[in-house]
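Morning, everyone. I'll take you through one site today. Let me put the model up.

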Amino acid sequence: MASRVPKPSTQTPHALVSEGGEPERDRPWIFRTYGGHSSAQASNRLFRDNLARGQTGLSIAFDLPTQCGYSSDHPLARPEVGKVGVPVNSLDDLHVLFEDIPLEKMNTSMTINGTSMWLLALYVALARERGEDPAKLRGTTQNDIIKEYLARGTYIFPPDASMRIIAEMYEYCLEHIPKWNASNVCSYHLQEAGATPAQEVAFALSTAIGVLDLIRERGQFSGDSFATCVGRVSFFVNAGIRFIEEMCKMRAFGELWDEIARERYGVDDPELRRFRYGVQVNSLGLTEAQPENNAWRILLEALGVTLSRDARCRALQLPAWNEALSLPRPWDQQWSLRLQQILAHETDLLEYPDLFAGSPVVASKTEAIKAEARAEIERIDDMGGVRAAVASGYMKSALVRSMAERAARIGRGEQTVVGVNAFAEGLPSPLVGGDDGGLFSVDEAAVREGLEGLEATRRRRDPERARAALDRLRRAAERDENMMEASIECALARVTTGEWADALRGVFGEYRAMTGIEGQSLGLRGRRADEVTRRVETLSRRLGRRPRVVVGKPGLDGHSNGAEMIAVAARDTGFDVIYSGIRLTPEEIVHTAVEEGADLIGISVLSGSHLELAEDVMARLEEAQAGDDIPVVFGGIIPEADIASLTRRGVRRVFTPKDYELVQVMDAIAEVLEEREARAT
Amino acid sequence: MQRGEQDLVEGAVALAKAPLGRLVSIFEDARPGAAAKRKRVHAALSAHPRRREASFIGVTGAPGSGKSSLVGELALRLAAADTDLAVAVLAVDPSSHRSGGALLGDRTRVRLPAGERRLFFRSQSSGLELGGLGRASFQVCRALRHLFDVVFVETVGIGQSEIEIRVLGDATLVVMPPLAGDHVQFMKAGLMEIPDVLAVHKSDQGEPAEVTYRTLKATLDLSHAGDGTPAPAVVKTSVETGAGLAELCAELRSRAERRRGSFADKEAYFFEGWIRGEFGRYGLRRLPAIGGTAAEFLAASGGFDDAQAAFARALLGDDAPGWSP
Ligand code: B12
Ligand SMILES: Nc1nc2c(ncn2[C@@H]2O[C@H](COP(=O)(O)OP(=O)(O)OP(=O)(O)O)[C@@H](O)[C@H]2O)c(=O)[nH]1
Ligand SMILES: [Mg+2]
C-alpha cells in the first residue's frame with residue numbers, strides 16, 4: 001500500500017513522482033454523501049443511485065429511533081420514523097438496505113453510537129446470511145459515546161457501560177474484522193456544538209485516550225497487538241469557515257496524535273501513529289437566510305482539509321446549500337458531490353507535495369493550537385480523564401460557554417455572517433422557488449411499508465430462538481463477557497432494535513446528560529437588551545412574580561444548541577427558566593409546566609417532527625386544563641409552509657434560524673406574555 | 001370564597017397537578033391584591049377535612065454537593081414505602097444579580113414519575129434574598145403544609161445564614177460532598193449547629209468520602225461533647241449505589257418527629273423576616289410598639305396575610321402603598 005503513494009520528486013520539488021520516478025498524481029480522498037431516509041427500500045434506491053453517480057463509499061444516516069434503541073412502533077419513535085435517516089428494526093431491514101450492494105467491496109460508514117454494537121452485529125449477521133466473508137468487511141461504526149453526551153445526544157446507557165461496549169467492539173473487530181474501524185473519534189459534533197479549534201482537538205484526543213486507556217486496562221492486548229489497536233483509531237473532524245486556521249488545526253491534530261501514540265502508548269511504527277481522519281465540513285455556519293451563499297462556504301471549508309497534502313483528509317462528506325432548510329434532496333447531494341469531483345479531478349490540487357511545509361506562518365499557528373490543546377488535555381487528565389470530565393459537567397459547560405460566546409459575537413456583529421448580520425439585503429433566491437421550495441420530504445408510504453415489515457418479522461421469526469438470544473445477551477452483559485457474539489445471535493434470531501436495547505437497559509440502566517447551561521451568560525448588552533429586561537421587569541410587576549418559562553425538547557431530537565441559547569438568553573433578560581435537557585416526552589414537558597405554574601412553554605424541534613410533537617403538546621395541555629393559561633411557542637428548523645399549521649394548532653409564535661438575534665426573540669416572548677395578560681383582563 | 005377558588009382547593013387537596021400548580025402560584029404572588037385571595041385559600045385549606053400536616057425537612061449544603069439528587073431519591077423512596085404518603089419538594093435556585101432571572105436547575109436532577117400525584121416538585125428562584133431561601137418560599141410552605149405529609153425544602157446552598165432553614169425545617173439535612181473540608185473548617189463554619197443529620201454524600205467515590213466521614217465524626221464528638229443536644233446523625237450516602245438512603249430516610253423522619261416545631265413559631269420567625277425585608281431595621285424597631293412580639297401580633301391580626309396588611313397599614317398609613325406581601 002504505502003509504496004504506491006507518490007513521493008515529492010528530488011529534482012523538481014513541486015512535483016510528485018511514482019516509485020519509478022514517473023510523474024504522478026495523488027489518489028483522491030473517498031467521496032461520501034451522508035444519506036438515508038424513509039425506509040430500507042427507499043434508502044437502498046438512494047445508495048445505488050449515489051454509487052452509480054460516482055460516490056465511492058457509503059455513509060449511512062439512521063433515523064433517531066434506530067439511533068436511540070427503539071423499534072419503529074414504540075410511542076417515542078412514531079413521530080420520528082424515517083425522518084432523518086433510515087429505520088432499521090431487524091436483520092430483515094438490513095437485507096433490504098443492502099440489496100444488490102456487494103458488502104465485500106463497500107466501505108461503509110455508519111453514523112451510529114448508542115446502538116453501535118447492534119448495528120455492527122446486524123452487518124456481520126448479514127454477511128453471514130449472504131455467504132460473504134465477515135472478515136473482509138470494511139467500514140466504520142461511529143461509536144464515540146463521549147461526544148454523544150456532549151453534543152449529539154443519541155446515548156442510551158451510562159458512561160461506564162457505554163465505554164465497555166466500545167472496548168468490546170475493538171476487541172472483537174481486531175480479532176474478527178481487522179479492516180473495520182470499531183469507532184471513529186469525533187470532533188465534528190463538538191465544533192457544531194460550539195467548540196473552538198483547541199477544544200475540538202483536545203476533547204477528541206482526550207476521548208481517544210479514554211478509549212485506549214480502557215482497552216489497555218482490560219488487558220486483552222499487549223505489545224504489538226495493542227499498537228495495532230492504537231493504529232485502528234480513526235477520527236471524524238470538522239472543518240469550519242476559517243479555513244486557514246482549520247488547516248493548521250488538522251496539522252495540530254496529526255502532530256499531537258503522533259506524540260500521544262508514541263509517548264503515552266509506546267507505538268514505534270509511524271504508520272500506526274498516523275492521524276487517519278474523515279471530514280464533514282461545518283454546517284452550523286450554514287444559513288437559512290440567502291441559502292445560496294452556503295455553496296461558497298462549503299467550497300472554502302473543503303479547501304481547509306484538502307489543500308495541504310500533509311494534513312489532507314481520507315474521506316470527505318459535504319452538506320448542501322439548503323442545510324438550514326431541510327434534509328438535502330438527491331439533486332442537492334449531487335451538487336455537493338460535484339464540488340468534490342471538480343476539486344479532485346479538474347484542478348491540479350493532487351499534483352503537488354505539501355504546499356505549506358516550511359511555512360513559518362502555518363508552523364506557528366499550528367504550534368499555538370497545539371499548546372492550547374495540550375494544556376486542555378492535561379486538565380482533563382488531571383480531572384481523572386474524559387469519563388470524569390463528562391460526569392462532572394466540565395466538558396459540556398465548556399462547550400456551552402463557547403457556543404454562547406459565538407452567539408454573542410454574532411449578535412453584536414463582531415463575527416460577520418454574510419446575509420445574516422451583514423449584507424442582509426439581497427434578491428430572493430431562485431433556488432427556493434421550485435415546487436418543493438427547495439425542501440426534501442419524507443415518503444410517508446415508504447414509512448408505513450417499513451412498519452409492516454417490522455410486524456412481519458415478528459410474525460415470522462422463531463420466538464423461542466429470539467427469547468434465548470436475548471437471554472444470552474443479558475447474561476453476557478451481567479457477567480462482563482463480550483456481548484458481540486450474543487448480539488450477532490440476536491440479529492440472526494430476528495430480535496428487533498428495541499428489544500436489543502431494552503435488554504441492555506435492563507442491565508445497565510439509562511443515562512441523562514448534563515445540560516451545561518448553569519452559570520452561563522450571553523452577556524447581552526446594549527440599549528435593546530436593556531429595553532427587553534425592563535419589559536420583563538414590568539411584566540414581573542404585573543404578574544406578581546418573575547415570568548417563568550419552560551424550555552422543552554420533546555422527542556428524540558438531540559439538537560440542544562438552540563434550546564440552550566434560548567434558556568440562557570431568557571435568564572439574561574430576567575426570566576426564570578426551567579430547562580431539563582433533551583429527549584423528554586411531551587407529557588413530561590407539559591407536566592413540568594403545569595406543576596411549576598409556568599407562564600410559557602417554549603419548544604425546540606430541529607428533527608422535522610414539529611407537527612406531530614405540536615399536536616401532542618397541545619393536546620396534553622388541553623387535557624391538563626392549561627391550554628388557555630400557558631401559551632406555547634416553537635423554534636427550530638421549521639419550514640415556512642408549516643408555520644400556518646402550527647399556528648392553527650394554537651402555537652403563538654414560531655422562530656427559525658433567521659431569528660438569530662436572541663434579544664429580539666426574548667422581546668417577542670415578552671410580547672406573547674403581555675398578550676396573554678391583556679386577554680386575561 | 002369564589003367558586004373557582006373552591007375548585008382549586010378541592011383539586012389541590014386531591015393532589016391534581018394543575019390546581020396544585022396554580023394554587024402554589026397564588027402563594028408566590030407578590031401583588032398586594034393577592035393577599036386577600038391567599039387568605040381565603042389558606043383558610044379553606046386549613047379547614048379542609050382531608051388536609052394533611054406536613055413535616056418539613058430542610059436540605060442545605062455546598063453547591064453541587066448533591067442536594068437535589070438526594071432529595072429526589074428520598075422522595076421516591078418515601079412515597080414507595082408508604083402508599084398514603086404525599087411528598088413535595090420545594091427547591092430554590094439562585095437568581096442572577098445582573099438580570100434578576102434564574103435558571104431553575106434543581107429539577108433537572110430529579111425525575112419523579114409524571115403520573116404520580118403523591119409526588120410534587122416546585123422550583124423557585126431566590127430573588128435577591130440572602131440566606132438560601134426565596135422571598136416566597138415560606139409563603140409556599142404555608143400552603144404545602146396542608147397538602148403534603150413531607151415537604152423537602154432545598155436551599156440555594158451558598159452556606160451563609162443557614163439559620164432560616166434550621167427554623168423552617170423540623171429536621172435539617174446538610175449534604176457534604178467528599179473532601180468538603182478539614183476539621184478546622186468544619187468547626188469554623190458553625191455548620192455543626194445546623195444539621196440534625198449530615199449526609200456524607202457520593203460515598204461511591206470511595207476514599208475521599210471516607211476521609212470526610214472520619215473527619216466529621218471526630219469534629220462532632222468534640223463540638224457536641226457535654227452540651228445536652230443530641231449530636232447529629234452522620235450517614236454515608238450515594239444515589240449511584242443507593243448506599244445509606246434507607247438509613248437517611250429513617251433518621252430524617254424520626255428526628256423530624258422529635259424536634260417538630262410548631263408552625264406558629266415558624267410563622268413568627270418568617271413574619272419578622274418579612275418585616276426586615278420590607279421595612280428594614282426600622283420596621284423591626286417599630287414592631288413592639290405596633291403589636292408586641294411577632295407571635296402576639298400574628299395572633300391578634302388573625303393570621304399571616306392579615307398581619308402583613310395590618311403591619312403595613314400601621315407603619316405606612318391607610319393607603320399603604322409600596323409594599324409586597
Ligand atoms: C448543529 C447541528 C447539529 C449538531 C447538534 C449539536 C447540538 N448539541 O445542538 C450535531 C452535529 C450533533 C447534529 C446532529 C444531527 N443532525 Co443536525 N444540524 C445542526 C445544524 C447545522 C445547526 C443547528 C444549530 O445548532 N443552530 C444554532 C442554533 C442556535 O440555532 P437553532 O437551533 O436553529 O435555534 C434558533 C432558532 O431556530 C430559534 N429556536 C430554536 N429553538 C427554539 C426554542 C424556543 C423556545 C425559541 C423561542 C426559539 C428557538 O432560536 C434560536 C436562536 O436563533 C442544522 C442545520 C442548520 N444550519 O440549521 C442541522 C440539522 C438540524 N441537523 C439535522 C440532522 C438530520 C441531524 C441528525 C439527526 C443526522 C442523523 N441522521 O443522525 C443528527 C442527530 C442529532 C440528534 N440526536 O437529533 C437536520 C434536520 C433535518 C430536518 N429537520 O428535516 C438539519 C436541518 C441539517 C440538514 N439539513 O440535514 N446536528
Ligand atoms: N458520584 C456521585 N455523584 C453524585 C451523587 N449525587 C449527585 N451526584 C452528582 O453531583 C452533581 C451535583 O448534584 P446535584 O444534585 O445537582 O447537587 P446540588 O447540591 O443540588 O447542586 P446545586 O443545587 O446546584 O447546589 C451532579 O453531577 C450529580 O450527578 C452521588 O451519589 N454520587
Ligand atoms: Mg440542587
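Predicted model: local features only at pLDDT ≥ 70, side-chain atom pairs only at ≥ 80, totals over all residues.

Start with the metal. The magnesium ion, ligand 3, has these protein donors: B:Ser68 through OG, B:Asp106 through OD and B:Glu154 through OE.

How are the donor residues spaced in sequence? The pattern reads S-x37-D-x47-E. Take B:Ser68 and B:Glu154: 86 residues separate them, so to speak, as distant parts of the chain. B:Ser68 sits in helix 4 of chain B, while B:Glu154 belongs to strand 5, residues 150–154. Buried or exposed, these two? B:Ser68 is buried, and B:Glu154 is too.

Now ligand 2. Where does it lie? Between chains A and B. Both of the residues I just discussed turn up again here. A polar backbone atom of B:Ser68 is 2.8 Å from an oxygen atom of ligand 2. For B:Glu154, a side-chain N or O atom is 3.1 Å from a ligand 2 oxygen. On its own, ligand 2 has 650 Å² of accessible area, and the protein covers 82% of that.

Next, the shell. Ligand 2 has 20 residues around it. Which come nearest? B:Ser69, B:Arg109, B:His201, B:Asp204 and B:Val239. By class, the shell holds five nonpolar, eight polar and seven charged residues. Which element gives the most? Helix 4 of chain B, residues 67–81, with three residues.

Definitions and conventions
Residues numbered from 1 in each chain as written. Chains lettered and ligands numbered in written order. Heavy atoms only, no water. Near = heavy atom within 4 Å. Polar contact = N/O pair within 3.5 Å; in protein donor to acceptor, adjacent residues only side chain to side chain. Areas by Shrake-Rupley, 256 points an atom, 1.4 Å probe, with all protein chains shown as cover. Helix = DSSP H or I, 4+ residues; strand = E, 2+ residues; numbered from the N terminus. Nonpolar A, V, L, I, M, F, W, Y, C, P; charged D, E, K, R; others polar. Donors = N, O, S within 2.8 Å, 3.2 Å for Na, K, Ca; no water. Buried < 20%, exposed > 50% of the residue type's maximum accessible area, 1.4 Å probe, protein only.
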